[in-house]
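Biologist: Could you walk me through this structure slowly, so that I can follow along on my own screen?

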Amino acid sequence: MVAERAAPEYGKAQVLVASNRGPVAYTREDDGTLTPRRGGGGLVSGLSAIGPEAGAVWVCAALGEADRAAAAERAEEHRLDPEHTGGQAVRMLGIPADVFADAYNGVANSVLWFVHHMLYQTPLEPSFGAEFAREWASYEAYNAAFADALAEEAAEGAAVLVQDYHLTLVPGMLRRRRPDLRIGHFSHTPWAPPDYYRMLPDDVAAEVLRGVLGAGRAAFLTRRWARAFVDCCARVLGAEVTESSAHGGELLVRCEGRTTRVGVHGLGADAAFLRERAHREDVAERAAQLRGQIGEDDDGEPRRTVVRVDRTELSKNIVRGLHAFRLLLTEHPEWRGRVVHLAFAYPSRQDLAVYREYTEEVARVAEEINSAFGHPGWTPVVLHVRDDFARSLAAYRMADVALVNPIRDGMNLVAKEIPVVSEDGCALVLSREAGAHEELAAHTLTVNPYDVAATARALHAALTLDPEERRARTARLAAAATALPPTRWFLDQLDALDGG
């Protein structure tokens, strides 16, 4: 008689989210205690929306010493205190610092991000050698740690939503560990076209694609990025690509005996949160401070504003935006003394030299413009580099023109957020390379992000737009920008996974 095999022991989570950054971060106080700070964003809102009865778990990485200490304190239970995480069950992975640094900075941010945003100076970079091979091994180990944790936490048949370029290998790894799971992967960045994508070493290019195709469904912010992904699958892996009539025109990628559905979910702005948050007292205080910095023109009228709010991320194209503003003042001297460029450039990834240098260049060009054109009582470029969400919202409210000119962007929520809280209408100058352009193009002034002269002309057109037309455009932009709020965006992905 053959003995019955014991059923495998699975976790209890019915819904799981995996992302590099989780919903909570820790800081160590002077007395040694660890203090949690809850984050925000679409994933936090979405996971909150499904309710505790779903048995949801968020798996994320410890991002610093304090996070690792908090994760170590809870090593036996695995979970952080729900009281500190908004009631959500969070498993924070204490990945060794050197492995995390190689995976996060060496591969995710210095290679995959650069490929998908097409940022390389190709005569000199990339150059893949022994150092990259070591970093890639760390990236594999980092992804394997997530796959192990998800496999342990998930109930039989659970839904797992894996997020972004940090975790491209997780779906395939998890599929091998737990074939019973319903796995989705979502890319928040663009996806590179095949010719650019194939700059990656051949084995790495194939491994990343196979990793994502381990999901039953892969999703993107726009049809353009989804199409680029399936084109890469066809070129690199020889996959067969068809269109599904049963799932609303989703693309189907058949490769090595498996089929992965490929869909689109265009993340929108959270209108209710933004409008409520934009009218709190701290935002009013920042608005008064900004009005003092902007000042009035020679006729006693409030100066016009061109607003941008970005991290000093290479893809955001801040320096060319500044050059376009300088050209506006050069070719249209009538704007001198009458307009101020509020440029909020919040430092990003300063542990990488190329980002530090870019941040310094932003400051240098801003100062150059102020030296060339400014005079007592008028500072052409008001540059802020300390991250301040209340101040950003204050600028959103008073913007006459919003400049959003990325070289390449998965979506760009700033383009969607500004129209939602604008007080008197805002003309949006938008790069055609932003994912948001796919939804908002009809109501914007579209620019080629590399064309500084055309961007300067667009700024002039935006500043001279009829006020009624500006307000009408803003209303249409706000409606389009909020069509798929974060909670709906998240739940739609769960529904689509269930529908597979």
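Modeller: What follows is a chat about the sheets, helices and core of this structure.

Biologist: What should I know before I start reading residue numbers?

Modeller: This is a predicted model, in which local features need pLDDT of at least 70 and side-chain atom pairs count only at pLDDT 80 or more, while totals for chains, interfaces and linings use all residues. Residues are numbered from 1 along each chain as its sequence is written, and side-chain values use heavy atoms, with hydrogens and water left out.

Biologist: In what order do the strands of the open sheet of 9 strands come?

Modeller: The order is S5-S4-S1-S6-S7-S8-S11-S10-S9, and the pairing is mixed. Strands and helices here are DSSP runs numbered from the N terminus, with at least two residues (E) for a strand and at least four (H or I) for a helix, and two strands pair if DSSP finds at least two bridges between them. Strand S5 (89–93) and strand S9 (240–243) are the edge strands, each pairing on one side only. From one strand to the next, the twist averages 20 degrees.

Biologist: And which helix packs on that sheet, touching S9?

Modeller: That is helix H8 (residues 223–237), which also touches strand S8 (217–220), strand S10 (251–255) and strand S11 (258–264); contact means heavy atoms within 4.5 Å. The direction of H8 makes about 20 degrees with that of S10, where axes are lines fitted to C-alpha atoms, for helices over the stretch in contact, and angles run from 0 to 180 degrees between N-to-C directions.

Biologist: How does S10 pair with S9 and with S11?

Modeller: S9 and S10 pair in the antiparallel sense over 4 bridges, with Leu251 in S10 as the bridge partner of Glu243. S10 and S11 also run antiparallel, joined by 5 bridges, and Val253 stands opposite Thr260 in S11. The hairpin formed by S10 and S11 has 2 residues between the strands, and Glu256 in the turn has a positive phi of about 55 degrees.

Biologist: Switching topic, what is the pairing in the open sheet of 6 strands?

Modeller: The pairing there is parallel, and the order is S14-S13-S12-S15-S16-S17. Strand S14 (381–384) and strand S17 (445–447) each have a single partner strand, so one side of each is left without a neighbour in the sheet.

Biologist: Is S13 mostly covered or mostly open?

Modeller: S13 is mostly covered, since 8 of its 8 residues are buried. On one side these are Val339, His341, Ala343 and Ala345, and on the other Val340, Leu342, Phe344 and Tyr346. S13 pairs with S12 in the parallel sense over 8 bridges, and His341 in S13 is the bridge partner of Val306. The chain crosses from S12 through H11 to S13 in a right-handed β-α-β crossover, meaning that, with the strands pointing away from the viewer, the path from the first strand over the helix to the second runs clockwise.

Biologist: What covers the buried residues of H11?

Modeller: The cover includes S12, S13, helix H12 (353–373), S14, strand S15 (401–404) and H16. Among the buried residues of H11 are Ile318, Leu322, Phe325 and Leu329.

Biologist: Last one: which residues have the most contacts inside the largest nonpolar core?

Modeller: They are Phe146, Trp191, Tyr197, Phe229, Leu342 and Val429, in a core of 172 residues. A nonpolar core is a set of buried Ala, Val, Leu, Ile, Met, Phe, Trp, Tyr and Cys residues joined through side-chain atoms within 4.5 Å. Helix H3 (residues 97–116) gives the largest share of this core, 11 residues. Leaving aside neighbours within four places in sequence, Phe229 is in contact with Trp191, Leu209, Val212, Leu213, Phe220 and Val262.

How values were computed: Buried means under 20% relative accessible area, exposed over 50%, partly exposed in between (1.4 Å probe, protein chains only).
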